[in-house]
Amino acid sequence: MYKKAWDKIINARYIVIVSHVYPDGDTIGSTLALFSVLKELGKKAMLYNASIEELPREFNFLDGFSKIQGKLPNFFDLLVCCDCASFDRLGVKKGDYQIVNLDHHVSNKKFGNINVVLENASSAGVVLYKLLKANSVHVSKKTAMALYTSMADDTDFFKYREISSSTFEIASELIKCGADPKRVASKVKSRLSLAKIRLIAYMLSNFDLHYDATVASIVIDKAILKKTGAKRSDTKNIVNMLLDIVNVKVAFVVIEFNEFCKISLRSDGDRDIVKISTLYGGGGHKNAAGFNVNNSNTIATCQEVLNLLR
Ligand SMILES: [Mn+2]
């Protein structure tokens, strides 16, 4: 599988590397890592993201970030996506090209011509790292920084997901290759926007508790987004903070954007919330999942989720 995927990449003429819409650090880090590898090998490649106007700026310290484009080239024969569970996460049209799908979501739809989907990997960055290692590809400092960022961001700095000795072995290898954990942490964790801080302040003053304070939830409507100045990227992972409350086992936030409403769920231990998100056509992981609904369904959906959680 690793060999097939790499052969496909190495033999392509022009490769488009795609991160998912409304990207996070995992999809950005892994695609930038692949871009730096391909550039070092002299391959023709470009970086594409369909929601270019909403790239999370905390990752702008990574090499290649400024090269991400919102427009596809006229010709390309291979698309490689990282961290994309379904084809609609790519924000591209189907066409005359092949797809290599590198991912770690349990909900991955295996839509590629070649799918390297490792459900136990803590991030898509780990999947790419294993692909590179299996093919004896050199990991430069640039590549290591991007891969380390991908790993750190998707585990919230080694706090969530499948964290094992192998996670730290890979992190250790990346540090040997030049990744700088302190620099990544300070860039990713300590440059929050004022809007995000204001949104968190609202959330922490207004959340609800259910079922003996084992479930925490909050609805963030358009008026709150407007008042705090928060953009979609500012809402990323704020739900984690509700899960940090002692005794809370599941937390979810309902955020009303203009076109649709996004529900993000988090849980701890064996509480598998991807079972809930897939009921609504969403996806994710056992402890971190999400889905979108029509704006008019918000209240009903909120109640349904609570009933399911009971
Ligand atoms: Mn991921």
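## Reading loops, sheets and helix pairs

Mentor: Let's start with Tyr211, which sits in the loop between strand E6 (208-210) and strand E7 (215-220). In these labels, helices (H or I, at least four residues) and strands (E, at least two) are DSSP runs, numbered from the N terminus. Residue numbers count from 1 along each chain as its sequence is written. Please keep in mind that this is a predicted model, in which local features need pLDDT of at least 70 and side-chain atom pairs count only at pLDDT 80 or more, while totals for chains, interfaces and linings use all residues.

Trainee: Is Tyr22 buried or exposed? And is Tyr211 buried or exposed?

Mentor: Count C-beta atoms, placed from the backbone: with 20 or more others within 10 Å of its own a residue is buried, with 12 or fewer exposed, and in between partly exposed. Tyr22 is buried because 20 other C-beta atoms lie within 10 Å. Tyr211 has 11 such neighbours inside 10 Å, so Tyr211 counts as exposed.

Trainee: On to sheets. In what order do the strands of the open sheet stand?

Mentor: Strands of a sheet pair through backbone hydrogen bonds, either parallel or antiparallel. The criterion used for a pair is that DSSP finds at least two bridges between the two strands. Here 5 strands make an open sheet in the order E2-E1-E3-E4-E5, with parallel pairing. Strand E2 (45-48) and strand E5 (114-117) are the edges; each has a single partner strand, so one side of each lacks a neighbour in the sheet. On average, neighbouring strands of this sheet are turned by 15° against each other, direction ignored. For angles, axes are lines fitted to C-alpha atoms, for helices over the stretch in contact, and values run from 0 to 180 degrees between N-to-C directions.

Trainee: How many bridges join E1 to E2?

Mentor: There are 4, and the two strands run parallel. To find one on screen, pick Ile15, whose bridge partner in E2 is Ala45.

Trainee: Which strands does H2 lie across?

Mentor: H2 lies across E1, E2 and E3, at about 160° to E1. Helix H1 (residues 2-10) lies across E1, strand E3 (78-82), strand E4 (98-103) and E5, at about 125° to E5.

Trainee: Now helix packing. At what angle do H2 and helix H3 (residues 124-134) cross?

Mentor: Two packed helices are described by the angle between their axes and the distance between the axes. The axes of H2 and H3 cross at roughly 25° and come within 8 Å. Angles under 35 degrees count as roughly parallel, over 145 as roughly antiparallel, 65 to 115 as roughly perpendicular and the rest as oblique. H2 and H3 are therefore roughly parallel. Residues are in contact if their C-beta atoms, placed from the backbone, lie within 7 Å. On the H2 side the contact includes Asp26, Ala33 and Val37, while H3 brings Ala124, Gly125, Leu128 and Leu132. By class, this contact has 6 nonpolar, 4 polar and 1 charged residues. Ala, Val, Leu, Ile, Met, Phe, Trp, Tyr, Cys and Pro count as nonpolar, Asp, Glu, Lys and Arg as charged, and the others, Gly among them, as polar.

Trainee: And how do H3 and helix H4 (141-154) cross?

Mentor: Their axes come within 7 Å and cross at roughly 140°, so H3 and H4 are oblique to each other. Among the residues in this contact are Val126 and Tyr129 of H3 and Leu147 and Met151 of H4. The class count is 6 nonpolar, 2 polar and no charged residues.

Technical notes. Contact = placed C-beta atoms within 7 Å.
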